[in-house]
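The entries below were written with the coordinates open.

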Amino acid sequence: MSLNSSRHGSSAGARKLKQLLVKSVLAGVVANGLFAVTSSQAASHIAVTDKEVVVGQLHSSTGTMAISETGAIEAEQLAISQINAMGGVLGRKIRVIQEDGASDWPTFAEKAKKLLESDHVAAIFGCWTSASRKAVLPVLERDNGLLYYPTFYEGLEQSKNVVYTGQEATQQVFAGLDWVAKTKNAKTFYLIGSDYIWPRTTMKLARKYIETVLHGKIVGEEYAALGSTEFGSTINKIRLKKPDVIYAAVVGGSNVSWFKQLKAAGINGKNQTLLTLSVTEDEAKGIGGENLVGFYSAMKYFESLNTPENKKFVSQFHAKWGANAPIGDVTQAAYEGPWLWKKAVEMAGSFDTDKVVKAEESGTITFQAPEGLIYLEPNHHLKTKLRIGEWEANGQAKIVYTSDYIMPNPYPKGY
Amino acid sequence: MKALGMILGGKRGAMDLLVIAALIFVVFPLGLDIFRLNLVGKYLTFAYCAVGLVMLWGYGGILSLGQGVFFGIGGYCMAMFLKLEASDPISTAHQTTPGIPDFMDWNQVTQLPIFWEPFHSFIFTLLAIVAIPALVAYIIGVSMFKRRVSGVYFSIITQAIAAIVTILVVGQQGFTGGINGITDLKTLHGWNINTDFAKYVLYFVNGVLLLLSIVLSKLVLSTKLGRLLLALRDKEDRVRFSGYDVANFKVFVFCLAAVISAIGGAMFTLQVGFMSPSIIGIVPSIEMVIFAAIGGRMSLVGAIYGALLVNYGKTAFSESFPTLWLFFMGLLFIGVVMVFPDGLSGLYKTHVEPRLRQILRKQGKKTVSSKTSIEKAGA
C-alpha cells in the first residue's frame, strides 16, 4: 500500500486517507473475508525490482534522542549515496524509506513493523538506544528482517537478524582498563554511570576485571538517575576517596552537568585521570571542549584519526553535511552498516535474508572502513581495535593509544 | 428492550454505537491488512483511557492527568504474566540464573522477587488487572476527595503521580525492566500471540471489551448516580447541601475510569508485544486527555473517534514527514481546540446533524412534491 507513497510530499497523508476509505468501502462491498485473512502472509518477500532495492532507516529524528541519532542518519545516507554512485548493490540502486522512531520505544516497534510488513525493505539501518533495539528485536525475528545497529552497547545479545557495528562491552572495557593501569599506574578506581542497563553491565565487567586481573581496588560505585543533573555529592565523595582513576559512563544531558560540575569543583585533566566510555565528538560539542581538556575517552574511532581512509571520509562527510558537523564513534559505525550489508548481499548473490545472514556468518567479510580494516565475525559483531583519545579544547581528541584487534565476545564467561 | 434503549441513550445513542461497531468489526478488518489492523487495535487500546476520561472529566468534572499510570498497571500486570511464561528454564539456560526474566539476570538479580510470584497464575493476573488499579485509584481518590482536593490541584497531583511512577519503574530496573520495559513476550498459555491469527483474535477481543466498557459507562450514566455526577460537576456545593457524600461519587468514578484504562493497558501489551515506561508517564497521560478532548469530552463514542483520529494522524504524518510531523500534530490540536471546543461530537451535532436532517427533510418534500406533479400531469 505504501511502497512508494512514503516520501512524496504533502498530499501523501490525504491520499492515504482516501485510499483507506476507498479500500474500506470496496472491501465492505466485496465482503470477502478470506481475502483479508490471507493477504497478510506477505512479509517474507522483499521489495526489489531489476532497477532498485528498498531499505529502511529507523532512527529518532524528533524527541530527546534526535541530537544523538542525527549523526548516524547522516552517515548512513552518505554511505548509501556513495554506494549508489558506484552502481548500487547487485546492479540495483538503493532507495531509502526513512521513518522516525521519535525517541519512543513502541513507535520504534511500530515503524519497524511498517518497514518490514508494508514496505518489505531488504534491510533496516537504525536504532541507537538499547531500549529501542529491544523493542524492535521481536519484530525483526518474527518477520525475518535485517538490522544494522551502530551503537556501542552492553552485549548479552546475539540475534541472527542483527549486525552490531558498534563495540560490545568487553571490547570497550578491558583494553582501556589495561592501558590506564599501565600508563597511569592506577590502583584505585571510582566507577560512576547513569542508571540503566548499559552502564550497569559495563561496570559489572569493569569491577570484575579490576579486582581479579588488575588487582586494583574499587573505592566507589555509583549510578545517577537518567537525566539527573546534580553531581555535588558524588564529587565530594570523589574528593574524599581520591581515586587514581574516575571511570565514567554518564550519558545524555547528565553528561554536560557532570563535566561542568567537575570543572567547577577544580577537578580537571591536570590533577585527575578520568576515563569515560560515553563521550564522542558529538557529546564533546555539547559539553564544551574546554570542560574536557586532559580527560580520556575509550572508543574505536575518533575523528582525528590520521589515515588516508579517514581523511577522505571526514572530507566527504563535511562536504555533504557541513564543515562543523562532528563525527563521533557511532556516526562512523553507522557509516559501516550499508557497506557491510552490500558486501554480504554480493557474497550471497541475493537479497534474501537467510542467504545474507549466511554470508554474514561466513566470517570472511571485511571492509576498509574509516577506522581501518574491520572484520565481521560469525557472532554478528565486528573485530576492531580500541583507541584512547585525550580531549583537547577544540572538541577533538588526540589518539594516545591504539590496541591490537579485539575479538567480540558478547557473552563473556565468568562475569 | 425499552430499558436497554434507555441505557444506550435512545435511538440516537444506539445508532452511534452501531456505527462504531460496524466500523470496528466489519469495515476495518475487511479493508485493512493485518499490519494496519494491528495498528488500529493499538489505537483502540488508548481509546479505553479516553472513554474513562469522558466519564471522569466530561461527566464528573475531574481532570486527571495521570491516567497513564492505570494504563501502565494493566499493561505491566499482563506483561509480567507473559514474561514469566517466556522465561522458562530451558529458553533462559544461558543466563547466570536460569528461569528468571532476562532483564533481572542482567541486573544481577538472582531470585524472582516475591511480588512477581503470583503472576505465574493467569487467573490472578486477570484479577490483578482489575483489582490493582481500582485499589490504587481508591486510595488516591479517598485521600484527595475526602479532603476536598479538587480542580487544578487534583490535576497537578495526578500528574505528579504519573512522574513518580515513571521514575520508580525506570529506577527499579532489576524488578521492572527499567527504561527498556518488559520486552520479548511470546505466548499466552502456550498460544503464540505473534501470529496473524492471534492478532485477529486479539483485535476482536479488544473491540468487544471496548464496546462493553462503553455500555457499562452508559449504564452508570443512566442511573441516578449518573445524574448526580453531572450535578456535582456543575454545582458541587448544592449536591453536598442536599445531603449527598460528594467524595464517594468522585471516588467511584475515578476507580471506574482507572479500571477501564487498565483493561486498555492489558490489551496494549497483548497486541504490541511489550510494555515500557514510555507509555505511562506525563506526556502519554496528557495525550489521553487530548483524545477525549478531540472526540468531545461529553461523548463516550466520540472518545473512540478521537483516539483513532489522533493516532492515525501521528502514524500518517510521521510516515510522510519524518522530521516535521510533530508540528502538524501541534497544529491539529490547536486547530481543534480553537475551532471546535466540543470536539468531533460537537462538530457533528452543530454542523453535520442539522444538515443531514435538512437533506432528509428536503428529500421527503421532494417525493411529496413530485407525487403531486405526477398527479397534476395525470389530471
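**Entry 1: interface.** I note at the outset that this is a predicted model. I looked up the contact between the two chains and found 47 residues of chain A in contact with 39 residues of chain B. On the chain A side, the elements giving two or more residues are α1 (12-30), α2 (33-38), β2 (93-100), α4 (105-118), α5 (130-143) and α7 (197-212). I recorded α4(A) as the source of the largest share, eight residues. By class, I listed 18 nonpolar, 15 polar and 14 charged residues on this side.

**Entry 2: helix pair.** I then turned to α12 (residues 329-348) and α13 (residues 353-360) of chain A, whose axes lie 8 Å apart at an angle of about 105 degrees. From α12(A), the contact uses Ala344(A), Val345(A), Met347(A) and Ala348(A). From α13(A), I found Lys355(A), Val356(A), Lys358(A), Ala359(A) and Glu360(A). This contact has six nonpolar, three charged and no polar residues.

Entry 3: Helix α9(A) (residues 253-264) has 12 residues and spans 17 Å from first to last C-alpha, close to the 16 Å expected. I listed Ser254(A), Asn255(A), Trp258(A), Phe259(A) and Leu262(A) as its buried residues. Seen down the axis of α9(A), they fall within an arc of 125 degrees, so they line one face of the helix. I traced their packing partners to β6 (188-194), β7 (217-224), α8 (232-241) and α10 (281-287) of chain A. Just after α9(A), I noted a positive phi of about 85 degrees at Gly266(A).

Terms used
Residues are numbered from 1 along each chain as its sequence is written. Chains are lettered from A and ligands numbered from 1 in the order in which they are written. This is a predicted model: local features need pLDDT of at least 70, side-chain atom pairs count only at pLDDT 80 or more; totals for chains, interfaces and linings use all residues. Two residues are in contact if their C-beta atoms, placed from the backbone, lie within 7 Å. Helices (H or I, at least four residues) and strands (E, at least two) are DSSP runs, numbered from the N terminus. Ala, Val, Leu, Ile, Met, Phe, Trp, Tyr, Cys and Pro count as nonpolar, Asp, Glu, Lys and Arg as charged, and the others, Gly among them, as polar. Axes are lines fitted to C-alpha atoms, for helices over the stretch in contact, and angles run from 0 to 180 degrees between N-to-C directions. The expected span of a helix is 1.5 Å times one less than its number of residues. A residue is buried if 20 or more other C-beta atoms lie within 10 Å of its own, exposed if 12 or fewer, and partly exposed in between; C-beta atoms are placed from the backbone. The arc is that of the directions from the helix axis to the C-beta atoms.
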